[in-house]
Amino acid sequence: MSSDTLAKIPAVPDAPDHADSLRIVPQRRFGQWAAAVVVLALLGLALTSVLRNKAFQWGVVADYFTSDAVLRGLWLTLWLTAVVMVLGFALGTLLAVFRLSANPVLRSVSWGYVWLFRSIPVLVQLLLWFNIGALYPELFGVKTVDLLGPAQVAVVGLTLHEAAYAAEVVRGGLLSVERGQIEAAQALGLSRWRRLRRIVLPQAMRSIVPPAGNMLIGTLKGTAIVSVIAVNDLLFSAQLIYHRTYQVIPLLMVATLWYTVVTSVLGVGQYYVERHYARGSERAR
Amino acid sequence: MSVMVDIRSVRKSFGALTVLKGIDLQVRSGEVTVVLGPSGSGKSTLLRTINHLEKVDQGVISVDGTLIGYRRSGDRLYELPEREVLKQRTRIGFVFQNFHLFPHLTVEENITEAPVSALKRPRKEAVENARGLLARVGLADKAEAYPRQLSGGQQQRVAIARALALEPKLLLFDEPTSALDPELVGEVLDVIRDLAGQGTTMIVVTHEIGFAREVADNVVFMDDGRIVEQGPPADVLDRPQQERTRAFLSKVL
């Protein structure tokens, strides 16, 4: 077909001669608009209901938000989270290295540990440690109750639980490192420890950090469980106040807002940690 | 000339699969030995046994008069602790087919890592040495780059510089150009040719027949876990005595 005949066929029967002056009208998406309006209206209703509901007692929330008792509780929550994370990941890394070692005994022990501590609910574990004195009234010549107060029980229980999950996260990270990296390091004569610390772990961190960030946030909120054994964390501090004043909701709001604030800060931190370990990768450029 | 590598009666199996069926091979100091053979012939495995990346099931390998991976006492061979093996490896450079540079370290850090941590060299000295090696492989301006920012040929040249940083007595190349785009093969072979010209003892597993003809002092043809034929390139490549060698060469040439 020659261009001559093409030109003679009109695009549409009554098309005007000047095609460039035609206006394009996007399809009207009434459904989308309607859905957006409905959702926004519902959100607005919920928000005004929350803000106008006197029972929330936002004034009380403001009063207690930075009170000494709450800040002390917050501090304990942060401290407990940090200690449990550090100890849990240290033990977890050890377990992951055991699991990947050539020694069948170490491999089995590591597998057994993860199986056991993932099987026991952390609440049950805390209660068991809290009552360990019934099994062993004395440890190292000291009364068990004196050795393991509520805070120590919280650290032990949460760490053992954390380590089981951390072991799997670290193991996944170690497995993500190409076998050739280890061989190259061996061929260069790098010691076992140096290979792990300098070559394997930094590369494993790329796959460890996202789930570890998840665990950190999970642990932060998970520490609230220690309120059952009367550890003065953020939640328990709030509870102590409302048991006295009966202002249950506003104090739960205080705790909720603090958990939200800390979680948000941690999320920002994770972004920078991930960027650090992306050195040399395509997406880092 | 003295013997640098002495391989005697080496056998190796992976489960039911026997990969090396009794290998005897001597490499003299300053010579370039090129190992040819079809894939699965055992040539890479043989190379990996020389720095004990693979343990042998039988036989002995010595480099520069030292038994690799074992200590002999009477008619027994006692496996050396890893620490000793690692020390032996620092005298043997190994270049992998897929480079295996450390992606999270810069080019310079890749090269200085082993001298600093395995040989305890002062960092400053290692860095200076690394700069010199990079200049030698034509990458003086890439010290601060990360491996992924380099082409395959450049990465392999960095890998060669990394192996040289330990000042090895022996260099082993495991198909150094097989993972490269055709137009990048030349730059890597140029570097290896340079090293050969300077009298470095090398064993090169490769499929580059032209390179073998030009650089090798000794060509070894392997098939099915055995050395079928060896000798100067003019003999093995141009007047092969064995039918199996002729068949292989007719396919790759």
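**View 1. The annotated span of chain A.** UniProt lists residues 74-267 of chain A as "domain: ABC transmembrane type-1", in an unreviewed entry. UniProt positions follow the numbering used here, feature names are shortened, and annotations may be inferred rather than shown by experiment. This is a predicted model: local features need pLDDT of at least 70, side-chain atom pairs count only at pLDDT 80 or more, and totals for chains, interfaces and linings use all residues. Residues are numbered from 1 along each chain as its sequence is written, while chains are lettered from A and ligands numbered from 1 in the order in which they are written. The end C-alpha atoms of residues 74-267 lie 18 Å apart. The span is 79% helix and 2% strand. Helices (H or I, at least four residues) and strands (E, at least two) are DSSP runs, numbered from the N terminus.

**View 2. The contact between chains A and B.** Chain B brings 22 residues and chain A brings 20. Residues are in contact if their C-beta atoms, placed from the backbone, lie within 7 Å. On the chain B side, α2 (82-89) and α3 (107-117) each supply at least two residues. α2(B) gives the most, with four.

**View 3. B:Phe99, a non-glycine with positive phi.** Its phi is about 65 degrees. B:Phe99 sits in the loop between β8 (92-95) and α3 of chain B. B:Phe99 is buried (20 or more other C-beta atoms within 10 Å of its own, placed from the backbone), with 24.

**View 4. B:Asp224, also with positive phi.** Phi of B:Asp224 is near 55 degrees. The residue lies in the loop between β11 (218-223) and β12 (226-231) of chain B. B:Asp224 is partly exposed, with 14 other C-beta atoms within 10 Å. Partly exposed falls between buried and exposed (12 or fewer).

Terms used:
Contact = placed C-beta atoms within 7 Å.
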